[in-house]
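Work through the two exercises below with the sequence and the model at hand. Each task is followed by its solution in steps.

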Amino acid sequence: MQRHLISAADLTRDDAVLILDTAEEMARVADRPIKKLPTLRGRTIVNLFFEDSTRTRISFEAAEKRLSADVINFTAKGSSVSKGESLKDTAQTLEAMGVDAVVIRHGASGAPYRLANSGWIDAAVVNAGDGTHQHPTQALLDAFTMRRRLIGPDAGLGQDLEGKRITLVGDVLHSRVARSNVDLLHTLGAEVTLVAPPTLLPVGIETWPCEVSYDLDSTLSKSDAVMMLRVQRERMNAAFFPTEREYSRRYGLDGDRMARMPEHAIVMHPGPMVRGMEITAEVADSDRCTVVEQVANGVSIRMAVLYLLLGGNEPAVTHPRTEEK
């Protein structure tokens, strides 16, 4: 493993499979009465969030506490950032406090890379989402969910997603989740198809390692997993489609469309969902939808990432009888 996790594109196949396999070990800890490991005792991790977040922030905090790390939560609202403090000054403040890792979410693409490579701070940096650029732990938890559902928790150990056909549908233009998933799923051997209206595809999409389609119905019957992406209105400064009703009619997933998918296929969503827009309540609440599962798997993946970046060489999970209480 490298020192930082900034982009899903930085991971080799072996790196990714190691993280997925380690997360499988961490998932077993969640089934214990006491869900704690002493692995990162004495280490300090800061959650540095400049953008709003529910799932990602709580997931990282749960992962850190389950590994016995000391956790400091930082949000831009109510901090000196709202008074005009720069990222550099914030980073140097954290460095003076002696933190071991920084989990950063920022509205500006490239902020985590800057933090990791600037020399401002001597700590491991984990990207929890930067602008419309990358969200590597989301891609990892999505791949982990796919592997568990499509191959199996035990059968999947050591396996990648070779030959699996994954379809991502929706606002690709503004989605860091789409970029990260395309990078990681390609590394893991999956065949990725992006489905979106032309206005919601980025310039240069032809250089991405994936197929592109404008027709959702033609791709559903050959997909092992369909991931719906939220339309990110907060990042939009123009009209990208005529009406919500038309978008939903052409690119929304409802019960009829789900019925056309193969029996084993799953429906995914990185959250937050907008029910009635990209996904109907019927689909969101069905057994084939893995949204809640993805949240649970997110804790396991983030435990694995933090352990591999900070934990050294000791085993991640000790036998319950030898573990410190």
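**Exercise 1: aromatic pairs**

The model is predicted: local features need pLDDT of at least 70 and side-chain atom pairs pLDDT 80 or more, while totals for chains, interfaces and linings use all residues. Residues are numbered from 1 along each chain as its sequence is written, and side-chain values use heavy atoms, leaving out hydrogens and water.

Task: classify the ring pair of tyrosine 247 and tyrosine 251.

Step 1. Rings of Phe, Tyr and Trp (its six-membered ring) pair if their centres lie within 6.5 Å; planes under 30 degrees apart count as stacked, over 60 as edge-to-face and the rest as tilted.

Step 2. The centres of the two tyrosine rings are 5.8 Å apart and the planes stand at 35°, so the pair is tilted.

Step 3. Tyrosine 247 and tyrosine 251 are four residues apart in helix α8 (residues 244–251), about one helical turn. Both tyrosine 247 and tyrosine 251 are buried.

**Exercise 2: strand β5**

Task: find which strands pair with β5 in the parallel sense.

Step 1. Helices (H or I, at least four residues) and strands (E, at least two) are DSSP runs, numbered from the N terminus; two strands pair if DSSP finds at least two bridges between them.

Step 2. Strand β6 (residues 191–195) pairs with β5 over five bridges, with valine 195 as the bridge partner of valine 169.

Step 3. Strand β8 (residues 225–228) pairs with β5 over four bridges; here methionine 227 stands opposite leucine 168.

Terms used. Buried means under 20% relative accessible area, exposed over 50%, partly exposed in between (1.4 Å probe, protein chains only).
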